[in-house]
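Here is a quick tour for anyone opening this one for the first time. Have a look at the sequence and the model, and then we'll walk through a few spots together.

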Amino acid sequence: MNIIGETPGHPEKGEQASYLRNKVDVDSHEMVPFHFWGEEFGDVGDFLGKLDMKASGELRAGNSMLRPDISGDVTPINHDTVWNVKGPGAPSAIDLSRRPEVMEAMGIERQLVFPTFGLIGLILYYLPNPHEYLIYDPEGVDHKRLGKEACDAHNKWAARITKATQSKTRPVGMVLPDSIPEIMKQTEELLAAGIRGIMLPAGSPPAGTSPADPAMDPFWELLEKNDIPLTLHLGTEFAFMSSLKWPNNVPAFYPSRVSSAEFQVTPYHTSTLHFCMENYLVCMVLGGVFERFPRLRVGIIECAAHWVGPLAERMDNLAGQFVKRLADLSMPPSGYIARNVRATPFYFEPVDYYIDRYPELAQVYAYATDYPHVEGGVESDKIFLEKLKGRDEAVKEGFFRSNGLFLLPD
């Protein structure tokens, strides 16, 4: 069935609502395969590309980073390739200078870009035993030094791509929040380099303290003043979920059944991956961060969206029991989530049900392709549009465009 008259995202094939011709995508990735890491990310990329990380090389075919068959970013850009080809072979997975043309073919005006290489850096930096997760020989490998160097290399790449694409694509800058002075220094350097979004690891308390600690306020003020979104992305929850043994010896939860470099796609992991994001957000909301910084922008990316409404509901209910403790909050916790937070549902989630059940949170849910990762699904705009069939046009415009613009402002 043709759900909007013609193929969404392709104005040349028929009349469409403007929000389908100019979608905002709050989650996409680079997906450079191992053998191009040196070319794209320098010496540390070259070293890591030869480290034989089996966890990223033995993934399901679409997401495998071990693709010696790929000679370059040469896949033609057309309707079929941009919506259906996944992994390092997708157009602009390697060469982000091609991404604006891909976006035009998909009907996307602006796009946040998250790391794949850089996520490996975070895993190396924060996990005490990253070789067990990434599956490589740790002999002679200083994983913390390599992790930091990989994150630095990503940030240099991100600044270059932002400039080259004139901010149509906006790779986020990665901050390692070990101390508040370091957080400030790294963030100021990233903003000076033209970066338009900041990514913190969600599983580690920033600078060893709560996100709501007043000592963190200079950082939140810096982001608010510059209209820079904070993003918390899947793949950074490792320190929070420090024990990987909960699913052990449960056949349905076998950790070896993976399809992503970011997380293990099993019923257990997919059901729990949002826990640390909720924890981070509860600290910020109930700790008054959004009260003190009402224009702060936060994106919870690729962690599902089923939890948003229930979390808001729980916090509103509990806030009524702690009126004196939360006296500094001028509105219910759900109000801060609606105003300050955006979250991305997976393509298989019933976002229509979420919006119907929690209409006051409709502006939280934002469209994302996860391009070119397998988890983004095939022709996700069609899938979401079908889910939203019969909903008000303002709801559709919000989901596909204006909600996401909150994280990609002018």
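Leaving aside its neighbours within four places in sequence, which residues is A93 in contact with? The list runs E30, M31, V32, D73, G87, P88, R99 and P372, where contact means heavy atoms within 4.5 Å.

## Before we go on

This is a predicted model, so local features need pLDDT of at least 70 and side-chain atom pairs count only at pLDDT 80 or more, while totals for chains, interfaces and linings use all residues. Residues are numbered from 1 along each chain as its sequence is written, and side-chain values use heavy atoms, with hydrogens and water left out.

## A loop with two buried residues

A93 lies in the loop between α5 and α6. Helices (H or I, at least four residues) and strands (E, at least two) are DSSP runs, numbered from the N terminus. A93 counts as buried because its relative accessibility is 0%; buried means under 20% relative accessible area, exposed over 50%, and partly exposed in between, using a 1.4 Å probe and protein chains only. The C-alpha atoms of A93 and W37 are 12 Å apart, though 56 residues separate the two along the chain.

S92 is found in that loop too, between α5 (79–84) and α6 (99–106). S92 is also buried, with a relative accessible area of 0%. Beyond its neighbours within four places in sequence, S92 touches D73, R98, R99, V102 and Y371.

## An enclosed helix and its partner

Next up is helix α7 (residues 117–126). Nine of its 10 residues are buried, so α7 is largely enclosed by the rest of the structure. Those buried residues are F117, G118, L119, I120, G121, L122, I123, L124 and Y125.

α7 packs with helix α9 (residues 143–164) at an angle of about 150°, their axes 7 Å apart. Axes here are lines fitted to C-alpha atoms, for helices over the stretch in contact, and angles run from 0 to 180 degrees between N-to-C directions. The two helices are therefore roughly antiparallel (angles under 35 degrees count as roughly parallel, over 145 as roughly antiparallel, 65 to 115 as roughly perpendicular and the rest as oblique). From α7, residues including F117, G121 and Y125 meet residues of α9, among them H143, K144 and G147. The charged end of K144 also sits over the ring of Y125, 3.8 Å from its centre; that label calls for NZ of Lys or CZ of Arg within 6 Å of the ring centre and within 35 degrees of the ring normal.

## Rings that pair up

What about the aromatics? Rings of Phe, Tyr and Trp (its six-membered ring) pair if their centres lie within 6.5 Å; planes under 30 degrees apart count as stacked, over 60 as edge-to-face and the rest as tilted. By this rule there are 16 aromatic pairs. One of them, F346 with F348, is stacked, at 5.3 Å centre to centre and 10° between the planes. F346 is buried at 7% relative accessible area, whereas F348, at 48%, counts as partly exposed.

Y367 and F400 make a tilted pair, because their planes are at 50°, with the ring centres 5.2 Å apart. This pair links distant parts of the chain: Y367 is in the loop between α17 (351–357) and α18 (380–387), and F400 is in helix α19 (residues 393–405), 33 residues apart. Both Y367 and F400 are buried. Ring pairs also join Y19, Y367, F384, F399 and F400 into a cluster.
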